[in-house]
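User: Hi, I have just opened this one and would like to go through it step by step. Can we start with a loop and then move on to the ligands?

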Amino acid sequence: MERPLACWKGEERYEGEVLPSLTIILKTGGCRHNRCRMCSYRHERYSSGVALEKLLLSQLEWVVHHHPLSEVAIVKLYTSGSFFDPDEVPAAVVEEAARLFSGKLVIAETRPEFVDPARIEAFIAEIDSGEYPTPLYVAIGLETSNDRIREKSIDKGFSWLDFRHAVECARKGGAGVKAYLLHKPPFLTEKEALLDMEQSIRDCAGLADILSMNPCTVQRYTELEYYWKRGAYRPPYLWSVLAALLSAPVPVHCDPVGGGRARGPHNCGRCDYGIVSALREYNLTEDSQLLVEAFATECACREEWESVLSLEKPFCMPLTR
Ligand code: SF4
Ligand SMILES: [Zn+2]
C-alpha cells in the first residue's frame, strides 16, 4: 500500500463542539500553480507518467487500514495543491474518497478555479448522511484580501474577485467555505503585515464560514527561505499574532505551526512557550480571555515588538528600469 505524505488524528472545534478529526495529506500529481514564494508542498508530487489514479487509491486504502473511520467525525483532506483539480486528483479518486468518508464532515483544500458547483454537488450527494447541515467545506488559501500583496508578496495567481466567485460556486453546490489567511508574507514590515491581517479578517468575516489564520513559517527549499537565510525576512512576532486575533470581529482559528522556533512565529524565546500554549488552547475553546491573558504576559520583548511596529520601514522597489 502507498502511504500518504502524512496522516494524523487530532481534534477540531466545530459549532461549539470539539470533535475527533483525521487530517490526511495526499501525495498527488502536484499543484498546477506551483509558484507561491513560501510554499514547499508544491515539491511533493509524483513525476509525470506514473499511474496516478492507482497510487492515490492505494493511499486512501492505507488511510482506512490504519485509522478506523468510525472514531472520526471530521476528515480534513489536503493535497500538495487542489483536491478538486481533476488533473491533480483523478475523478475516480474523488469518487472513492466521497464513498469512504460518507457520513463525515469533510474539509477539502482547493484553489478557487477548481470549485465547480456540479462536482461539489456530486461529492456532497455521496458524503451526506443528514448528520451535518453542511457536510463539505472547501478550504481555499486566500492568504489576504489585498490583491497587491497576494500578487507581489506571494505570487498566488488569483484575485479577490476569483475568490468571491469561488465562494458563490461552492454555495451553489451546497458547500461551505473555509478561508486560510497568511500572516506576514515576505516584503512587508511587521506593522504592514498586522494591518493586512486585520483588514483581511474584516473583509472575510461574513463571507467565509470558517476563518483560519496561518502565521507564516519558513519552509525548506522556498524563495522565502532564501530571504530568511540572508536576514531579509523574519516570521511574525507572537505578539502580532495575538494582536490580530484580539482585534478580530469573529472567531478565527490559529494553530501556530513552528510557534516559538526561528522558522516559525516567535518572540524572544523566553515568553514563547506560554503564548503558544494559550493559542493552542484558544483554538479548541475560542475563549478569548486566554488571548487577553497571553497578551498581558510580562516580557522585555514586548517593548522590542512595539519599537519594531513603529520604526520598521518598508524597502521600496524601483518603479522603472
Ligand atoms: S501555496 Fe497552494 S497554490 Fe501556492 S504553490 Fe503551494 S500548493 Fe500551490
Ligand atoms: Zn519575550
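User: Where does S48 lie?

Analyst: Bearing in mind that this is a predicted model, S48 lies in the loop that runs between strand 2 (17-25) and helix 1 (52-66).

User: And is S48 buried or exposed?

Analyst: S48 counts as exposed, since its relative accessibility is 75% and the cut-off for exposed is over 50%. The C-alpha atom of S48 is separated by 9.6 Å from that of G30, and these two residues are 18 residues apart along the chain.

User: OK, new topic: which residues surround ligand 1?

Analyst: The residues around ligand 1 are C31, N34, R35, C36, C39, R42, S80, G81, R111 and K156, and the shell they form divides into four charged, three polar and three nonpolar residues. Ligand 1 sits in the largest pocket.

User: What are the protein donors of the zinc ion, ligand 2?

Analyst: They are the SG atoms of C268, C271, C299 and C301, which lie 2.3 to 2.4 Å from the zinc ion. The angles among the four donor atoms are 100 to 117 degrees, and the site is tetrahedral. Along the chain, the donors follow the spacing C-x2-C-x27-C-x1-C.

User: Why does the pair C268 and C301 tie together separate parts?

Analyst: C268 lies in the loop between helix 8 (238-246) and helix 9 (272-285), whereas C301 lies in helix 11 (residues 301-311), so the pair ties together parts that are 33 residues apart in sequence. C268 is partly exposed, with a relative accessible area of 30%, while C301 counts as buried at 4% relative accessibility.

Definitions and conventions: Residues are numbered from 1 along each chain as its sequence is written. Chains are lettered from A and ligands numbered from 1 in the order in which they are written. This is a predicted model: local features need pLDDT of at least 70, side-chain atom pairs count only at pLDDT 80 or more; totals for chains, interfaces and linings use all residues. Side-chain values use heavy atoms; hydrogens and water are left out. Donors are N, O and S atoms within 2.8 Å of the metal (3.2 Å for Na, K and Ca); water is not among the atoms, so sites may look incomplete. Four donors count as tetrahedral if all angles lie between 85 and 135 degrees; four count as square planar and six as octahedral if opposite donors are over 155 degrees apart and all others between 65 and 115; anything else is irregular. Helices (H or I, at least four residues) and strands (E, at least two) are DSSP runs, numbered from the N terminus. Buried means under 20% relative accessible area, exposed over 50%, partly exposed in between (1.4 Å probe, protein chains only). A residue is near a molecule or strand if one of its heavy atoms lies within 4 Å of it. On a 1 Å grid over the protein atoms alone, a cavity is a set of points where a 1.4 Å probe fits but cannot get out, and a pocket is an open set with protein on both sides within 12 Å along at least five of seven lines; lining residues have an atom within 4 Å of a point. A molecule sits in a cavity or pocket if more than half of its atoms lie within 2 Å of its grid points. Ala, Val, Leu, Ile, Met, Phe, Trp, Tyr, Cys and Pro count as nonpolar, Asp, Glu, Lys and Arg as charged, and the others, Gly among them, as polar.
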